[in-house]
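Let's walk through a protein model together, one piece at a time. Have the sequence and the 3D view ready, and look up each residue as we come to it.

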Amino acid sequence: LADIGDREPVTLGRFDKLGMIVASVHDNPLAAEVIEASTPEVSIFWTEYAADGTPVRCKTRIDLVGGVESARLVTDLKTMNVQPTIREVERRAAYGGWRVQFAFNRRGLRAIGDDVSSFAVIAASTVEPYVAELYGIDSLQVEGADYLIDKAVERTAHPPEWHGYSAGQDGKAQFRSLTVPTWDLEQYEEG
C-alpha cells in the first residue's frame with residue numbers, strides 16, 4: 001500500500017454514508033434544481049478600500065452561483081450532525097455568521113460587475129435519517145450585515161497594535177506565573 005501520510009482513508013462505511021447524504025440533497029427537488037442550475041466553487045478576487053484609500057485584497061469562494069447576471073442566487077451547502085429543522089438552521093446561521101458570509105460574497109460579485117438578488121442554504125443532515133432542506137435568507141438581513149464588512153476592511157487595512165508578547169512597562173520580556181484551576185484535574189480522576 002502507498003504511504004498516505006497523516007491523511008485518513010475513506011472507509012467503505014463512510015463512503016456509503018457520504019453517498020446517502022448526497023442522495024438526500026438530490027432527493028429534494030428544489031435543492032436539486034438549484035444545484036443543476038448553478039456553477040459550483042466560484043472563486044472571486046477583488047480589492048476593497050479603507051476610508052483613507054488603503055487597498056485590502058479580498059477573495060471568496062462561493063459554493064454555488066446560479067441565475068442570470070444581476071439576478072444571481074448564491075447558495076451555500078451546510079452539513080449538520082442534527083436534522084435540518086428551520087429552528088436549527090436559524091440557530092446555526094446566527095451563530096455561524098452566515099449573513100456576513102453572504103454579504104462578503106455579494107461584495108465580491110458586485111466588484112466584478114455582477115449582483116445578487118437571492119441567498120439560500122442547502123442544509124444536509126449527516127445523521128439518519130439523511131435529509132436535506134433548502135432555506136432562503138432574506139436579502140435585507142444580509143444587507144444588515146454589510147457594515148461588518150466595512151469594519152473588517154478598516155481593521156485589516158489598519159490593524160491595532162498587537163500586545164501578544166509578555167512585556168513589562170520597560171518593554172522587556174517578563175516571566176509570569178500561571179495559576180491553573182483545579183477543575184482541570186477532574187477529567188483524569190474519572191478515568
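Start with K78 and D76, whose side chains meet in a salt bridge with 2.7 Å from N to O. A salt bridge here is a side-chain nitrogen of Lys or Arg within 4 Å of a carboxyl oxygen of Asp or Glu. Side chains of opposite charge can pair when their charged atoms come close. K78 is buried, and so is D76; buried means under 20% relative accessible area, exposed means over 50%, and partly exposed lies in between, with a 1.4 Å probe and protein chains only.

A word on the model itself: it is predicted, so local features need pLDDT of at least 70 and side-chain atom pairs count only at pLDDT 80 or more, while totals for chains, interfaces and linings use all residues. Residues are numbered from 1 along each chain as its sequence is written, and side-chain values use heavy atoms, leaving out hydrogens and water.

In total, the structure holds 11 salt bridges. Find R107 next, which meets D146 in a salt bridge of 3.3 Å, N to O. R107 lies in helix 4 and D146 in helix 6, so this pair ties together parts that are 39 residues apart in sequence. Helices (H or I, at least four residues) and strands (E, at least two) are DSSP runs, numbered from the N terminus. R107 is buried, with a relative accessible area of 13%, and D146 is buried at 17%. R107 also meets D150 in a salt bridge, at 2.6 Å from N to O. That pair again links distant parts of the chain, with D150 in helix 6 and R107 in helix 4, 43 residues apart. D150 is partly exposed, at 40% relative accessibility. Through shared partners, salt bridges join E48, R106, R107, D146 and D150 into one network.

Now zoom out. The chain has seven helices and five strands, and from the N terminus on its elements run α-α-β-β-β-α-α-β-β-α-α-α. Of its 191 residues, 31% are buried.

The largest nonpolar core has 27 residues, and V74, W98, F102, F119 and I137 have the most contacts inside it. Such a core is a set of buried Ala, Val, Leu, Ile, Met, Phe, Trp, Tyr and Cys residues joined through side-chain atoms within 4.5 Å. Among the elements that each supply at least two residues of this core are strand 1 (38-49), strand 3 (72-80) and helix 4 (98-111). A second, separate core of eight residues includes I21, V25, Y130 and A132.

T60 lies in strand 2 and is buried, with a relative accessible area of 11%. Its side chain makes a polar contact of 2.6 Å with the side chain of N105. A polar contact is a pair of N or O atoms within 3.5 Å; within protein, one must be able to donate a hydrogen and the other to accept it, and residues adjacent in sequence count only if both atoms are side-chain atoms. T47 lies in strand 1 and is partly exposed, at 25% relative accessible area. A polar contact of 2.9 Å joins the side chains of T47 and R57. The C-alpha atoms of T47 and R57 are separated by 4.5 Å, although the two are 10 residues apart along the chain.
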